[in-house]
Amino acid sequence: MASLTSAPLHIQHLVPAPASTKIRLALLATALCDALGAPAEFKPRFSFSFISHMKPNGNFALGAGVWTDDTSMMLALARSLGTYSGSSSQQAEGTRGGFDEADQLEAYLRWYQDGVLSAIGRCFDIGSTIRRALVIYKDALKASGAALARIARDLCGDGFGGNGSLMRVLPVGLAYFRDPAGAAAYARRSSAPTHPNTVCKAACAAWTKCIARLVRSADAREEAKGEEQMSKLDVLHHFAAYPWPADADALRVALAADVPLPAGVVDPAAIEAHYTAYHPLMRLRAATHTEALAVTPSAGDAEALAARTLALLPSDAALPSSGYVVHTLAAALYAFLATRTFEAGALLTANMGDDTDTVAAVYGGLAGVWYAAQEEESADGEEGLFWSPRVRAWRNALVRRDLIDEVAGELVEFVERHAASS
């Protein structure tokens, strides 16, 4: 059984592993959580049967294990980063890979029109803002400069603050993990082709910088496993202390502490105590843990597993899981902080309701980077932080896993080429 409740954040440390492992499993984790949560999309919280395994998606008459637009667009961005060869110098040198907004739009358009990188060979769901951006791109005759300028003009308002760019941005942090600040800059640019809204760009930048920092730390310390790794408290502090721009104040309100951390406080336990008192997500975490600990499930007890998982879920009013980018980021981060295994957080996000699949996919990318390591069978029968019998069952039920493996391989090859040439 998954361990649902969490130890103090400052003693939960990043699992060391090579960057290639983190990249491959973060993409897989995104798809797993997306497919797991997709059947609960559009449903109010606590209004549906508990989800613990892959179920058919009645929203689109799909079978179990089918991932959605979240994973498709993430794969499209990853493939663009891994295989782009549009510049004359790249073509002359025979090299591939790199960042190009027009190539990314082309990749999204191929998915939308032709079902490329869809789990079922066609686009069956697409966000309204993304659809509008792709229509603009087509109408501009694919002249990238003209299309991007018009998208920036027409889709930058407050009504276009959806999570469509956050849900796909993971590959940017994976590809450019050696330079977290540079990765954050690329993330802002990656949002602009469909979501030029300032809050969307800021959310992508902050999330990506965190992802890059984690991969870099895990990769650098993989050979020094006895040394202290980044902790979950470091992840919380990253968002709480992030220099949110003035035009993205909604993110500061959701993710910064009500009272700033006093200068000179360096003891991890003291920092965590401060955030537990003054950070909105940590207050929710403390309150729900009190309820969850009152439920004592025994191994294999499905009803108790459901009860304890749902006890960790605040009300929708306290922690919305809507398509608004601020809600998605906060809900995914809460699930990461409130649990201590990949499986437990996946169960939590899959049962949130509303834009479940996207919140789950965003959580999956972060949790995949945090927990992922090479699969190993536990000698003592205990479940690992990433792999468990339930997670293996999810993996076995996932459709078109070959596509995910293929694109992950392309991204790993780009990262290795990029490192060799720099």
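**Notebook: binding-site aspartates and cysteines**

I started at aspartate 357 and found it in helix α17 (helices are DSSP runs of H or I, at least four residues, numbered from the N terminus). The model is predicted: local features need pLDDT of at least 70, side-chain atom pairs count only at pLDDT 80 or more, and totals for chains, interfaces and linings use all residues. Residues are numbered from 1 along each chain as its sequence is written, and side-chain values use heavy atoms, without hydrogens and water.

Aspartate 357 has 0% relative accessibility and counts as buried (under 20% relative accessible area, 1.4 Å probe, protein chains only). Beyond four places in sequence, aspartate 357 is in contact (heavy atoms within 4.5 Å) with residues including Asp34, Glu41, Thr68, Asp69 and Asp70.

I looked up the annotation. UniProt, in an unreviewed entry, places a "binding site" at Thr68, Asp69, Asp70, Asp355, Asp357 and Thr358; such annotations may be inferred rather than shown by experiment. These residues spread over 291 residues of sequence, yet their largest C-alpha distance is 12.0 Å.

I moved to aspartate 355. It sits in the loop between α16 (342-350) and α17 (356-371). Aspartate 355 is buried at 12% relative accessibility. Its side chain touches the side chain of asparagine 163 in a polar contact of 2.8 Å (N or O atoms within 3.5 Å, one able to donate a hydrogen and the other to accept it).

Last, I searched for disulfides (cysteine sulfur atoms within 2.5 Å) and found zero in the whole structure.

Key
Helices (H or I, at least four residues) and strands (E, at least two) are DSSP runs, numbered from the N terminus. Buried means under 20% relative accessible area, exposed over 50%, partly exposed in between (1.4 Å probe, protein chains only).
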